[in-house]
Number of protein chains: 2
Amino acid sequence: MSQTDTTSPVTTREEHASCGGRVGFYAHASTSLGLEARFGLFLPRQALAGERVPVVFVLAGLTCTEETFLIKSNAVRFAARHGLALVASDTSPRGAGAAGEDDSYDLGTGAGFYLDATAEPWRDHYRMGTYIGQELPALIEATFPVDGARRGIMGHSMGGHGALVHALRAPQAWKSVSAFAPICHPAAVPWGEKAFTAYLGPDRATWAREDATLLLEAGHTHPTEILVDQGEADQFLHDQLKPELLEAAAAKADQKLKLRQHAAYDHSYWFIQSFIADHIDHHAAILKAG
Amino acid sequence: MSQTDTTSPVTTREEHASCGGRVGFYAHASTSLGLEARFGLFLPRQALAGERVPVVFVLAGLTCTEETFLIKSNAVRFAARHGLALVASDTSPRGAGAAGEDDSYDLGTGAGFYLDATAEPWRDHYRMGTYIGQELPALIEATFPVDGARRGIMGHSMGGHGALVHALRAPQAWKSVSAFAPICHPAAVPWGEKAFTAYLGPDRATWAREDATLLLEAGHTHPTEILVDQGEADQFLHDQLKPELLEAAAAKADQKLKLRQHAAYDHSYWFIQSFIADHIDHHAAILKAG
């Protein structure tokens, strides 16, 4: 990217040298969202030298933006060590104008749940499923030296849900997957019930493809081991996250899952930064072997 | 600290397990500032087990708070590795009510310059010099298991200035010192001239004790090597930071200085996080040998 490349669909907002590579924040006109969208990108030194590098998409949780994960997770230093790119999407469309989108932290702005809404007033713009599943990877791979054949996905909380469902539905597109404190069974918890009712409508049959536990129960698996870290002092563990349901569904589906539970850790990025090295290692081992 | 310890002068705002230790944010009634003040603290696992550990104070730059350095620098993971505590102060008093304190980013709120103001309307509350030099270390050492005899100081930009002047004036109190992109000669650059004129008045003779280059020229040195990292693409390098003046003064004073200049890096925390490990190593090597 260059700030003077007027033919690119991507506008550079800021770029910073970091850890031998470069962190940048960009904007583009999203066709799936029908709005301008922003993303963050770390390119390691190998990519700046022209090599096409493996890439991990990182999906943040409720209320976050495209900046949050890159700033707070400490992931950049480990991606640099492995020569991986990182792509951080936003958590929802911005400025869609849907009635009520700014009324609560867990629905609408900052809370897109990485799915395509089918119900009013959301369905015109809240299409984060297509955005993450198709548009953003295609844009990134057309614009930057990253290798779409070696692409992984990870996320936190709502973004952990997003990473799991995208990888389980399209394991050939997402070669590696991990999550911090994911919403494991959104159809069965308050955050997910509220969001799915609003975005997808009351017919719960339509919710199944957006729920990692239900996808496993329906026979969707991923060929690699899924890494999940969960803090035992997480304030959302019992009411919203429910990793034990994911674990049970994975066992029935013969899905390899490494679920690690950590005493004293909560839901914050202080937890994520404590274990991020293991996640980047996990993705690097799969993506660089492929 | 415990949230139910009603005898402590320190109030816990939040605490999070991180990297085997604990990050917390606290408030207390500051006698030197005459206001409530906030600070951040990382305690490594050794401290949580009761051991008195070495400590590094971290001073942030203009517009930052007590949260910024701990969140953005990636320092916690390296402090954990070495068993060091980190103390992050705020960058100014908050809510002092001084006329004009919120009018610009480089004077007043968020811009205390780690000195004691002597001029109106600042002198009643803008006493960050005493706060950093005496009050906060004494409070920390009375409240948490950190060892005041093994105490270092580091900072960024305005906070790099603060770290250098505090360490040069009181080398027995601050056993190790380093800085990222410090304001090396504030009396000779716009940021410093504006702040010193406001806080100290127009008599430049009173500025000398608040300027690292002038302190070196006056014979103040530190018994250890000072580590300074500077990005060559820093937008403030030539007008505000001037490391070449610090380097010249250090050479004349026989002050050991390791000044590293890094192509492509700017003034941001993306730069800091790229070299933070070396700074924590620097402090650990001195503090743990002492």
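Where is B:Pro121 placed in chain B? B:Pro121 sits in the loop between strand E5 (85-89) and helix H4 (128-143) of chain B. Helices (H or I, at least four residues) and strands (E, at least two) are DSSP runs, numbered from the N terminus. A cis peptide bond joins B:Glu120 to B:Pro121, with omega about 0°. In chain A, a cis peptide bond likewise links A:Glu120 and A:Pro121, with omega about 0°. A:Pro121 is found in the loop between strand E5 (85-89) and helix H4 (128-143) of chain A.

This is a predicted model, in which local features need pLDDT of at least 70 and side-chain atom pairs count only at pLDDT 80 or more, while totals for chains, interfaces and linings use all residues. Residues are numbered from 1 along each chain as its sequence is written, chains are lettered from A and ligands numbered from 1 in the order in which they are written, and side-chain values use heavy atoms, with hydrogens and water left out.

**Chain A as a whole**

Chain A has ten helices and nine strands. Its radius of gyration is 18 Å, close to the 19 Å that the globule rule gives for 290 residues, so chain A is as compact as a globular protein of that length. The radius is taken over C-alpha atoms, and the rule is 2.2 Å times the number of residues to the power 0.38. The C-alpha trace of chain A spans about 50 × 40 × 35 Å along its principal axes.

Of the 290 residues of chain A, 63% count as buried. Buried means under 20% relative accessible area, exposed over 50%, and partly exposed in between (1.4 Å probe, protein chains only). Among contacts (heavy atoms within 4.5 Å) in chain A between residues at least 6 apart in sequence, 71% join residues at least 24 apart.

**Aromatic pairs**

The structure holds 32 aromatic pairs over all chains. Rings of Phe, Tyr and Trp (its six-membered ring) pair if their centres lie within 6.5 Å; planes under 30 degrees apart count as stacked, over 60 as edge-to-face and the rest as tilted. Two of the pairs are set out below.

| Pair | Centre to centre | Angle between planes |
|---|---|---|
| A:Phe180 and A:Phe271 | 5.8 Å | 90° |
| A:Phe196 and A:Trp207 | 5.6 Å | 75° |

A:Phe180 in strand E7 (residues 176-180) and A:Phe271 in helix H10 (residues 269-289) of chain A are 91 residues apart. Both A:Phe180 and A:Phe271 are buried. Together with A:Tyr265 and A:Phe275, A:Phe180 and A:Phe271 form one aromatic cluster. In the other pair, A:Phe196 belongs to helix H6 (residues 190-200) and A:Trp207 to the loop between H6 and helix H7 (212-217) of chain A. Both A:Phe196 and A:Trp207 are buried.

**Single residues**

A:Ala80 is in helix H3 (residues 75-82) of chain A. With a relative accessibility of 18%, A:Ala80 counts as buried. Leaving out residues up to four places away in sequence, A:Ala80 touches A:Cys19, A:Phe42 and A:Pro44.

In chain B, B:Leu227 lies in strand E8 (residues 226-231) and is buried at 5% relative accessibility.

A:Ala264 is in the loop between strand E9 (257-262) and H10 of chain A, and its 54% relative accessibility makes it exposed. B:Cys19 lies in the loop between strand E1 (10-18) and strand E2 (21-30) of chain B; at 15% relative accessibility, B:Cys19 counts as buried.
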